[in-house]
Amino acid sequence: MLTAQQALEHLLVNAQVVAETERVAMQAALGRVLAEDVKSLVDVPPVDNTAMDGYAVRTADTQISGSVLKITQRIPAGSMGVALDPGTVARIFTGAPVPLGADAVVMQEDCAILEGSADQVQVNTTPVAGQWIRRRGEDLTAGKTALAAGIFLRPQELGVAASAGLTHLQVRRRVKVAAFFTGDELSLPGQPLKPGGIYNSNRDTLLACLRSLGCEPTDLGIVPDRLDATREALRKASKDHDLIITSGGVSVGEEDHIKPAVMAEGRLDLWQIAIKPGKPLAFGAVRKSDQTDPSNLSEAWFMGLPGNPVSSFVTFLLFVRPFILKLQGRDPSPPPSYWMRADFDWLKADRRNEFLRVKMNFQGGLDLFPNQSSGVLTSAAWGDGLLDCPPGQAFKAGDMVKYIPFNALLT
C-alpha cells in the first residue's frame, strides 16, 4: 500500500494550474483566486494622520506635564489643517491629517480645557515624537504589491484591494468539478427509502466541500450500478469539467463499475493507501467527449473516493483538496497542524496512518468521539478536527499528538 505522502506527491505532480483568467468586479471576487499581483494605486494612508481624538502638538512645547497651550485650529477627518505655530495645538479627530509642524498627538483623555477659556488646553502628559500618528504609506505604498497572485480572496483581501484603489481584479477561472455517486442502495433525502437502502449523505458533504474551496461544482446525481450507465456519466462529466469525482464503486466487487468504466473512457490507477478511514482511492483521467473535434485529446482528471461517508470526507480533505488547490494556482502545502495533549488512551495501534475525529476541550486537550467507524458521519460533525496518528503508534492520555483543525482543511 502507498503511504498518504506518496499518494499525495503523485497527485500534485500531475495537477496543472487552470490557465484561463477573467476580470471581475470587486464584489464578485469573493472566494476566487487572484491571478496576478495587485499593486497599490495610492499610499495608504495618503498622509500622516491621527489614530486618536485629541490634540496635535509639538513635543518641543510639551516637555513638562501640565503645559498650557493655545488651540488655534480644529481639524476633523477629511479636512486639511494649516502649519502649527510654536506654542499652539490643533484640536484633531481620528483619521484627520496631522498638520505640518506637529510631531505627536495627545489623546483628549490626557488633556483638559482650562476653566473659563475656550482656546486654552492643559496637556497633562509628556508625549514622545510620533505618538498616535499613523504615517503616510505605513500600510501600502503606491506602486508596491498589495496582494500576491495565488491568494484565495477572503473579505479582508477585498478590503485591502479596495484601499489600494482597485475596482476590479484579475482572477483565475473557477475549477469546474463534476460529481456523481454510485450505488443502487442510495436515495436522495425526501425520496422514499428503498428496501435495505440509505440516504446519500456524500452528495451534500462533497458538494459543500467543493463550494468551500471556491470551485464550480456540477451535481450529476446518483448513477445506477451498471457499467454502461457509469461510462455514460463519465462521458457527460468530462465534456465541460476539469475534474470528475465519484463516491463509491472503487473496490473490486462485481457491482463496482468505476474501474472498468474509467479504463474504457480514459486511464486509471487504483491505489490502496495505508490510511484509516479511506483505504481505496482511484486516480486517473477521462477523455473529453468532443464530437465536433476528433483531434481533441484533452482530458478531465478523475478521482474516485470510497463510499463510506467518513472515508469519503477524509480522503477528500487529504487528497482532493490539495489537488484542487494546485489546479487553482494556490499553495497545496499541508494545512497547519498543532501538537496538543490527548485526554484519552489509544492503545490499539494500527499498521495504517489513522485519522481520528476529535474535539478540543476546555482543559486544552483533545477528546475522542467514541465511535470511530467509517460509517459514523456524526463523528465528523461532532469533532472540530483530525488527530493524525502515525502507523503502528499507540498513545496514552497526556501524550502530545498531532491535531489538524477542520477549519484549516475546509477553506
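I take two strands as paired if DSSP finds at least two bridges between them. The model I am working from is predicted.

**Entry 1: the sheet with strands 5 and 9**

I looked up Ser67 to begin with, and it stands opposite Val123 in strand 9. The pairing behind this joins strand 5 (residues 67-75) and strand 9 (residues 120-123) in the antiparallel sense, over four bridges. Further along, I find Leu69 opposite Val121 in strand 9.

Strand 9 also pairs with strand 8 in the antiparallel sense, over three bridges. There Cys111 stands opposite Val123 in strand 9. Strand 8 and strand 9 make a hairpin with six residues between them. I checked the turn and noted that Gly116 has a positive phi of about 85 degrees.

Which residues of strand 9 are on its covered face, and which on its uncovered one? Val121 and Val123 form the covered face, and Gln120 and Gln122 the uncovered one.

I then traced the whole sheet: it is open, has six strands in the order 7-4-6-5-9-8, and its pairing is mixed. Strand 7 (104-107) and strand 8 (111-113) are at the edges with a single partner strand each, so one side of each has no neighbour in the sheet. From one strand to the next the twist averages 40 degrees.

I went on to another open sheet of six strands, with the order 16-13-17-21-20-18 and mixed pairing. Its edges are strand 16 (216-223) and strand 18 (266-272); each has a single partner strand, so one side of each is left without a neighbour in the sheet. The twist here averages 15 degrees from one strand to the next.

Strand 13 and strand 17 pair in the parallel sense over five bridges. Within that pair I located Val177 opposite Leu243 in strand 17. Helix 1 packs on the sheet and touches strand 18, strand 20 and strand 21. The direction of helix 1 makes about 160 degrees with that of strand 18. Helix 4 (residues 227-239) lies across strand 13, strand 16, strand 17, strand 20 and strand 21, and runs at about 170 degrees to strand 16.

**Entry 2: nonpolar cores**

I looked for the largest nonpolar core and found one of 47 residues. Leu243, Ile245, Met303, Phe316, Phe319 and Phe323 have the most contacts inside it. The elements that give two or more residues to this core include helix 1 (4-14), strand 13 (176-182), strand 17 (243-247), strand 20 (280-287) and strand 21 (299-305). Which helix gives the most to this core? Helix 6 does, with 12 residues.

I listed the contacts of Leu243, leaving aside its neighbours within four places in sequence. They are Lys176, Val177, Ala178, Trp301, Phe302, Met303, Val320, Phe323 and Ile324. Another core lies apart from the largest one and has 17 residues, among them Val223, Ala229, Ala237 and Ala261.

**Entry 3: backbone exceptions**

Most residues other than glycine have a negative phi, and most peptide bonds are trans.

The peptide bond from Val44 to Pro45 is cis, with omega near -5 degrees. I place Pro45 in the loop between strand 2 (38-39) and strand 3 (49-50). A cis peptide bond also runs from Lys276 to Pro277, with omega near 0 degrees. Pro277 is in the loop between strand 19 (275-276) and strand 20.

Trp132 is not a glycine, yet it has a positive phi of about 60 degrees. Trp132 lies in the loop between strand 9 and strand 10 (133-134).

**Entry 4: the protein overall**

The C-alpha trace spans about 95 × 60 × 40 Å along its principal axes.

Of the 411 residues, 46% are buried. Among contacts with a separation of 6 or more, 71% are between residues 24 or more positions apart. The protein exposes about 19500 Å², and carbon and sulfur atoms supply 53% of that.

Methods:
Residues are numbered from 1 along each chain as its sequence is written. This is a predicted model: local features need pLDDT of at least 70, side-chain atom pairs count only at pLDDT 80 or more; totals for chains, interfaces and linings use all residues. Side-chain values use heavy atoms; hydrogens and water are left out. Axes are lines fitted to C-alpha atoms, for helices over the stretch in contact, and angles run from 0 to 180 degrees between N-to-C directions. Buried means under 20% relative accessible area, exposed over 50%, partly exposed in between (1.4 Å probe, protein chains only). Contact means heavy atoms within 4.5 Å. Accessible areas come from the Shrake-Rupley method with a 1.4 Å probe; for residues, only the protein chains shown count as cover. A nonpolar core is a set of buried Ala, Val, Leu, Ile, Met, Phe, Trp, Tyr and Cys residues joined through side-chain atoms within 4.5 Å.
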